[in-house]
Amino acid sequence: MGFEYVYVDSKDRKYHENKSSMLVNLSEPIMHPKSVRVVSFSVPNEFYNVIDGNTSFSARVYNVNTNNKSPIKNYVLGAGLYSLTEMITALNALFQTDKIVEGGSNTTLTLTLLANGKVSLNIVGDGTNTHKRAILYYPRDGQFQNSIAHRLGFGRFQVFDDADVDGANLLVGNGASPPVVSVNYTNSKGITTTTPETSWTGALIWTSSTTDATLNTRTGNFIGYESRCPHLFLKSDLVNDFHTTYRDSGTDQVMTKQDSILQKIQNNVNIYSYLHYRSSMTEAFVHELSGAKPITHFTVSLTDDHGNLLEENSFRNFTAVLLFETHENLATMRMNEQTIEANQRSIFLANHNC
């Protein structure tokens, strides 16, 4: 068996290749390829954690006496790499200058980074702000793991996901004062459930019309996560033997699809640190190749854990070393076999005086 190594550096990609994908043309073809694997990879962990198309932190306020509600308020950050402190500071500045208006009152949000690394959110209204409730919102069909709410440590189950939030209205019951509030929630299968607020175990609800911190302050279930994603995928059109799961939104079933993943790279370092992968430390995926055709070119791309290519300035250059294992030249192998057979025949004839 033979071996060929190819070093790939994304800084060498073409001028128009402004995403984390490139076409590699080989100066000499790799003949009779048997397999390929990644033996080395390096990249700075400076990926944008607020990315284009996912830059909003969204909330809404309800008056459960009147069933009126504010428009969904989207607080938008510029795409970039933020530490938790920077993200919280930027959002709090937006909260102060652009309050949520419902009826004759304003509602203000305030984020606080706790000592344990979790983030709390305080939502309080002013003026004639009686019997108000507030929720966080993120669309059901979005990539929640790339959302600002997720970066701050709020789990998917803590954030309402109804597409227009109408199915998640907070409704007053029986005209009581204070009202008996029920939560109407429509799940992904279109089934609506009604549950009293006191026993609601779904997404978080803030009582924004009180000074009681136990009612107007909620905390994310997880610590804030600054890195773009827990792992990366290095992909190539050389391979098609990998399958990944996904949820079919039409049938609500977990399915698999074919993917071109060369290697899963764990992102286990802090932001602004270098991320290194070595096959001697983490098992490499070995992909068999047919060997029928020589390899003259191939693509290499780096994606986040959702399979999204990294955009323009949202990442720094990465490097990788690919190891190709090759079969011996078939013609040479056949010639060697014929020589061995001829030698064995000569020995046999000599031993038997033929």
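1. A nonpolar core is here a set of buried Ala, Val, Leu, Ile, Met, Phe, Trp, Tyr and Cys residues joined through side-chain atoms within 4.5 Å. The structure is a predicted model. Its largest nonpolar core has 32 residues, and those with the most contacts inside it are Phe41, Phe298 and Phe324. Two or more residues of this core come from each of several strands, among them strand 1 (2-9), strand 2 (21-30), strand 3 (33-44), strand 22 (295-303) and strand 23 (319-326). Further contributors of this kind include strand 16 (231-235), strand 19 (261-266) and strand 20 (274-278). A second, separate core has 29 residues, including Ala59, Tyr82, Leu121 and Phe144. As a general point, nonpolar side chains in soluble globular proteins tend to be buried together.

2. On the overall composition: the protein has four helices and 23 strands. Of its 354 residues, 44% count as buried. Among contacts between residues at least 6 apart in sequence, 70% join residues at least 24 apart. The accessible surface comes to about 18,500 Å², and carbon and sulfur atoms account for 51% of that surface.

3. Which residues does phenylalanine 41 touch, leaving aside those up to four places away in sequence? Its contacts are Leu234, Ile265, Leu275, His276, Tyr277, Arg278, Leu302, Phe318, Thr319 and Ala320.

4. Phenylalanine 47 is found in the loop between strand 3 and strand 4. Is phenylalanine 47 buried or exposed? Its relative accessible area is 1%, so phenylalanine 47 is buried. Not counting residues up to four places away in sequence, phenylalanine 47 touches Leu81, Arg228, Leu232, Leu302, Leu310, Ser314 and Phe315. Arginine 228 is 181 residues from phenylalanine 47 in sequence, yet the two are 6.0 Å apart in space, C-alpha to C-alpha.

5. Aspartate 9 lies in strand 1. Because its relative accessibility is 10%, aspartate 9 counts as buried. Its contacts, not counting residues up to four places away in sequence, are Met22, Asn317, Phe318 and Thr319.

6. Glutamate 328 is found in the loop between strand 23 and helix 4 (330-351). With a relative accessibility of 42%, glutamate 328 counts as partly exposed, since that class runs between 20% and 50%. Glutamate 328 and lysine 34 are 294 residues apart in sequence but 9.7 Å apart in space, C-alpha to C-alpha.

7. Strand 2 pairs with strand 22 in the antiparallel sense over six bridges, and leucine 23 stands opposite threonine 299 in strand 22. Strand 16 also pairs with strand 22 in the antiparallel sense, over three bridges. Here the bridge partner of phenylalanine 233 is threonine 303 in strand 22.

8. Strand 17 (residues 242-248) and strand 18 (residues 253-259) run antiparallel and are joined by seven bridges. Arginine 247 has valine 254 in strand 18 as its bridge partner. The hairpin of these strands has four residues between them, and aspartate 252 takes a positive phi near 55° there.

9. Positive phi values also deserve attention in two loops. Histidine 32, in the loop between strand 2 and strand 3, has a phi near 50°, a positive value in a residue other than glycine. With a relative accessible area of 19%, histidine 32 is buried; the cut-off for that class is under 20%. Tyrosine 272, in the loop between strand 19 and strand 20, has a positive phi of about 70° although it is not a glycine.

10. Helix 1 (residues 84-97) has 14 residues and reaches 20 Å from its first C-alpha to its last, close to the 20 Å expected at 1.5 Å a residue. Its buried residues are Leu84, Met87, Ile88, Leu91, Asn92 and Phe95. Why do they lie on the same side of helix 1? They cover an arc of only 125° around the axis, which puts them on the same side. An α-helix has 3.6 residues a turn, so residues three or four places apart point the same way. The face of helix 1 turned away from the buried side carries the exposed residues Thr89 and Thr97. The cover over the buried residues of helix 1 includes strand 4 (56-63), strand 6 (73-76), strand 8 (105-113), strand 9 (119-125) and helix 2 (148-151).

Terms used. Residues numbered from 1 in each chain as written. Predicted model: local features only at pLDDT ≥ 70, side-chain atom pairs only at ≥ 80, totals over all residues. Heavy atoms only, no water. Expected span 1.5 Å × (residues − 1). Buried < 20%, exposed > 50% of the residue type's maximum accessible area, 1.4 Å probe, protein only. Arc of directions from axis to C-beta. Contact = heavy atoms within 4.5 Å. Areas by Shrake-Rupley, 256 points an atom, 1.4 Å probe, with all protein chains shown as cover. Pairing = 2+ DSSP bridges.
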